[in-house]
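Work through the exercises below with the model open. Each task is followed by its solution.

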Amino acid sequence: MSEQPDEATARTESGLTDDDFAPEWPDDDRPRIPRVAPEREALTAYLDHYRATIEMKCRGLSPVQARQRSMPPSTMSVHGLVRHLAGVERWWFQQNFERRDVPFLFFTTENPNLDFEPPADADFTADLATWRAECAVSREIVAAHDLDDTARPLDWFEDVDLRWLVLRMITEYAQHCGHLDLLREGVDGRTGS
């Protein structure tokens, strides 16, 4: 008789089983983050993983569900979060890093909260497409520069390098993916990492 437990009852070296971890999203098709990679590949993989998390967790929502403010007292919605992230992509990569003369997406002097507070006629599908397009432009900008390339963000008094900017975006997305987890659970009960 073997002293080794069968696979059904075997525990990992840590002693944890799949039941000890957060459930996985059923249709998770996000790209895998490499465990060993050069710096650029690791940074862009993490950022794209978080972008894919936003994409995945928006799937299957109707426009009405996307507008729902499902976690009171927060006034945040999935739709507002998508608009915000589209604006953040444009702000950091185009307007700040490359200093492109492009207009703000969801901001006016009269109404600076058009991202988190979408107007009644805002179209969730169109705003998702805008966010995807902004991500594509950001990827092109990152690909065109070295991580050591620097720029001076608007209204700042010091330069930042592209490495800093990508890390800044990773933290932005990580924060908002946590928000999205709660918002989606509040909308239809779906959970998973």
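**Exercise 1.** Classify the residues that line the largest pocket.

Step 1. The lining divides into nine nonpolar, four polar and three charged residues; Ala, Val, Leu, Ile, Met, Phe, Trp, Tyr, Cys and Pro count as nonpolar, Asp, Glu, Lys and Arg as charged, and the others, Gly among them, as polar.

Step 2. The volume of this pocket is about 250 Å³. A pocket is an open set of points on a 1 Å grid where a 1.4 Å probe fits, with protein on both sides within 12 Å along at least five of seven lines, and lining residues have an atom within 4 Å of a point.

Step 3. Of the 16 lining residues, Gly87, Phe104, Phe106, Phe107 and Asp115 are the closest to the centre of the largest pocket.

The model is predicted: local features need pLDDT of at least 70, side-chain atom pairs 80 or more, while totals for chains, interfaces and linings use all residues. Numbering starts from 1 along each chain as its sequence is written, and side-chain values use heavy atoms, without hydrogens and water.

**Exercise 2.** Describe how H3 packs on H5.

Step 1. The axes of H3 (residues 78-97) and H5 (residues 162-188) lie 11 Å apart at an angle of about 175 degrees. H3 is therefore roughly antiparallel to H5 (angles over 145 degrees).

Step 2. By class, their contact (heavy atoms within 4.5 Å) has 14 nonpolar, three polar and three charged residues.

**Exercise 3.** Check the span of H5.

Step 1. At 1.5 Å a residue (times one less than the number of residues), the 27 residues of H5 should span 39 Å.

Step 2. The end C-alpha atoms of H5 are 38 Å apart, which agrees.

Terms used:
Axes are lines fitted to C-alpha atoms, for helices over the stretch in contact, and angles run from 0 to 180 degrees between N-to-C directions. Helices (H or I, at least four residues) and strands (E, at least two) are DSSP runs, numbered from the N terminus. Angles under 35 degrees count as roughly parallel, over 145 as roughly antiparallel, 65 to 115 as roughly perpendicular and the rest as oblique. Grid points are joined across faces, edges and corners, and a volume is the space filled by probe spheres set on the points.
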